[in-house]
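Please have the structure open while you read.

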Amino acid sequence: MMKKKAKRFAPFIWIFAYLVVIDIAINIIFSYPKDPRNISPAPSRQFFDYGRSIEGKLSRMTGKEIDDSAPIASVGWLVGSPNRLVSKNLNSENRPVVTMYGMSHADLLAEDMAKIDNSLTIRSVGAPGAVPTWSYAAYLYDKDQYYSDVVILGIMTRGVPLICTTSGATNHFDAVYPYTYPRFFLSNDSLKYLMPPFVSFKEYIEYIYNSEKWKAYINWLRQYDKFYNPVLFRKTILDSSSIFRLLRRAYAYSWQRKKEAEVYRDDKGFNVESDEVKILKSLVIEFSKTAKRQNSLPIIYIVNNVFMGDRLFKILEPTLLSYNIPFLSTHDICPPNDPHFYLPDSHFIPSKNLELANKMIKIIRDKLPLKTLLELVLKN
Amino acid sequence: MAFNSIVFIVFFLVVYAIYRALPHTAQNIFLLIASYVFYGWWDARFIFLIIMATCLDFTCSLMIHEGSITKRQRFTISSWVVIGAFSFLVVQWNRLGHEFHKSQSVWDQLFSWKTGWILFLIIAFFTIIINLLYTKVSLIEMQKKRKIFLAISICGNLTSLGFFKYFNFFIDNFAAVIRSLGLNPTSQHLNILLPIGISFYTFMTMSYTIDVYRGRLTPSKKLYEYALYVAFFPKILAGPIERAAYFLPQIIEKRIIRTDQIVGGLHQILYGLFKKIVIADGVAKTVSDVFGATYQLSWVDAVVGTLLFSFQIYCDFSGYSDIAIGAARLFGINIMRNFHFPYFARNASEFWGRWHISLSSWFRDYVFFPLGGPYGSTLRWIRNVLLTFLVTGLWHGAAWNYVLWGLYHGTLLCAHRIKESLRIKKKRSKNPLIKIVNISIFFVLISLGWVLFRSHSIGQIKDIFKVLIFDIGNLKLNAGMPTHAALFGLPLFVIMEFIGYNSDGKRLDKVMPMYLWTAVYTSMIFLIILGLANVPSTFIYFVF
């Protein structure tokens, strides 16, 4: 009888044993490098590590000092980030200054603009995968530090569903960035924001190495970050299992897709009733008003991601036209339904990026106030 | 609630646990309720459509077989229709998932659809009228009555299917014809929502009445048993199109669930999930890139897209069937096999004996044979074959590419039959090399047929064939690569199919030592876990 029962369970034992062997083998063969400064582990090593908890990833990439940390841990901070104010061409500060706020697409555009026209001083304030709220927050902080004649806000389709997040750690599960940004919300139709507990790398170190403070931060995320999920965020012993990591990644994908679908769906486009779309529109208006008050020319750079159509442009167009806000939307030059214009990492191919940069410069020349243009001519 | 979702897993486990604890009759009633919940998960309104189809064919079958319906049966049928109309037309269940308007109460909004109330009143009124007319109808002469009720059943089913599935196709094409005559018709295109699985359950209900008419089946006396045959949740959305003669006895008789049945069911579910999650979902993006491309395809794009779609559609549909059959076996119910290694077929005749068997046998029994079957002159059976395949194509969808696909297969079958009839030596060669060559050639032909099936328009079909024929050698792949899971899974899948084909579909544990088959299953489990991160796509056949 006992033998018969044991025989019945034998296949399960075999399968379990095989799974354990696979798990251990992956952990040995594809072990992730321990040195946080190793920025390019083999893709296979990265692949089996994507499912590690956010806390697990953060603690691995963060040392007690900036030099002991992974380079990505220190990028994108609103305050004191070493990558802030990366000037592309500051050889003459008297020339009109153009500052770009946004994600890598915006940064690449700034680079090409600097290549094309050296009569402009171009700055880029960016963060990897920056969402529109990060870009706007970066502008709000930067405008008081540095005057720009032209301010460009980069917004991309993929970033809109992430507007109610507050950190690069919660909005991109595979590759996390610890930088933070405020949580924007609408109160009586006016745009308000709540600052996260820390906004610089230095403060972040204080938090992550202090369990009480970190707990308080997690509580803050739980309250205000729409993409906070304890299953994805909290570090557990299961982080050591490669199979569990794969399962967590699968869960993360389906969970995030579901969250994003509340705002954007491939078949239906944007949900115009969502908080995110309302905040985005309000943010664009506020950005324009603030910039104009500062005597800066505001421009919106609309990046329509591949296979997402010109939907972002479509939802912003009425606002941009009614508030007379200059803009450049990529859909005319790089039709989103043609992947030929896009690189595998979602950026535009160099020739098209250059074309976009040219067009942006033309917009700046056309829209820059006459007074600024005259100053430029006289100084040059 | 797709089979590859967490919601379904939870649903299934809860239903199964309760099911095992219930006595036989309660099991059937509970399975029926669970099936309606499962179906209503998409859109509760369509449950009423199933109830109507069920009641119509239950009534017709009894009238055909018995010539009368008892008072109790009439009361039961009428109650189902009226309660069904109230529950699924008046009550707006689909609003539960949405945010309610704050100004209105929950009850106001659940019952606020005026058209629902009007429809309910009309249905209730006609139910009373039909009951009043019953006495007169029952007096009609038996032979006449049999024919009338067969006609009512077929017309009712085809009207429902025709309205939901083909109305726009015919109206749009009619308008196009009128436009070509220089006239300007006003558009009558309606935004009709296609009830999921309608083609499958309509064919089941139709075959039931026809079989009763032909005297091949004694109709069920209990409405809930017949309703369970129609709505049984593992098969309602995409088949197999089960025959009542095989299914109903399993509902009526007490079921004994054997260990072997459970083990077999689990094996089949695992293999089905592997096919769906690892292969079908894993190659889906590459296929979409090719067939949704707005840029110029290269030859390698067209070849890769075509071949991968052959794998995708097979793994998607047979994966669904495997999960359905496996899940049913866990309940102690055996469902007919729907696929039997179709890509090992050497000709069209063999292919249709292996591909979507429940549909091809349905068309054989209810379309091909009534048309005259393979008898009569060559021209006559060619006509019968082409007509049958034309309808088969149309069954898949109201579009010209499906019509072309059906005719393509009809032509392949006719060509094969003509070739066979011309052969002097009737014995098939046993040379394995010739067998491999034949299988490969026919696989290419089948894959080319899938281009017709998958394309959005006749223009796209032309474009892809142009690239396939005139752009040979252009090896620049523009489409994205399949996922890691699919790349590792495809060789394993091919090996599994090969083993299955050679052992005539025997389970791996029957043909391999335990350490080996458990290793294969572990690989499948691992690849499923790997593939879970894929963007899950809905089963292709849900839209048919």
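1. Let me begin with burial in chain A: of its 380 residues, 40% are buried, where buried stands for 20 or more other C-beta atoms within 10 Å of a residue's own, exposed for 12 or fewer, and partly exposed for anything in between, with C-beta atoms placed from the backbone. This is a predicted model, in which local features need pLDDT of at least 70 and side-chain atom pairs count only at pLDDT 80 or more, while totals for chains, interfaces and linings use all residues. Residues are numbered from 1 along each chain as its sequence is written, and chains are lettered from A and ligands numbered from 1 in the order in which they are written.

2. Chain A holds 14 helices and 10 strands; both are DSSP runs numbered from the N terminus, helices being H or I of at least four residues and strands E of at least two. Its radius of gyration is 23 Å, close to the 21 Å from the globule rule for 380 residues, so chain A is as compact as a globular protein of that length. That radius is taken over C-alpha atoms, and the rule is 2.2 Å times the number of residues to the power 0.38. The C-alpha trace of chain A spans about 100 × 45 × 45 Å along its principal axes.

3. Chain B has 22 helices and zero strands. With a radius of gyration of 25 Å, close to the 24 Å that the globule rule gives for 544 residues, chain B is likewise as compact as a globular protein of that length. Its C-alpha trace spans about 70 × 65 × 60 Å along the principal axes, and 39% of the 544 residues count as buried.

4. On confidence, chain B averages a pLDDT of 88, and 92% of the residues score at least 70; pLDDT is the predictor's confidence in each residue, from 0 to 100. The model scores ipTM 0.78 and pTM 0.83.

5. Chain B is divided into domain 1 (23-252) and domain 2 (258-339 + 474-544), with bounds from an automatic or database domain assignment. Their contact takes 14 residues from domain 1 and 16 residues from domain 2 of chain B, two residues being in contact if their C-beta atoms, placed from the backbone, lie within 7 Å. Helix H10 (233-236) and helix H11 (244-252) of chain B each supply at least two residues of the domain 1 side.

6. Which residues have the most contacts inside the largest nonpolar core? They are Ile50(B), Tyr229(B), Val230(B), Ala231(B) and Ile528(B), in a core of 138 residues. Such a core is a set of buried Ala, Val, Leu, Ile, Met, Phe, Trp, Tyr and Cys residues joined through C-beta atoms within 7 Å. Helix H13 (residues 299-330) of chain B gives the largest share of this core, 16 residues. Leaving aside residues up to four places away in sequence, Tyr229(B) touches Ala244(B), Phe247(B), Leu248(B) and Ile251(B).

7. Tyr366(B) lies in helix H15 (residues 357-371) of chain B. Tyr366(B) counts as partly exposed, with 19 C-beta neighbours inside 10 Å. Not counting residues up to four places away in sequence, Tyr366(B) touches Ser207(B) and Ile210(B).

8. Finally, the contact between the chains takes 14 residues from chain B and 17 residues from chain A.
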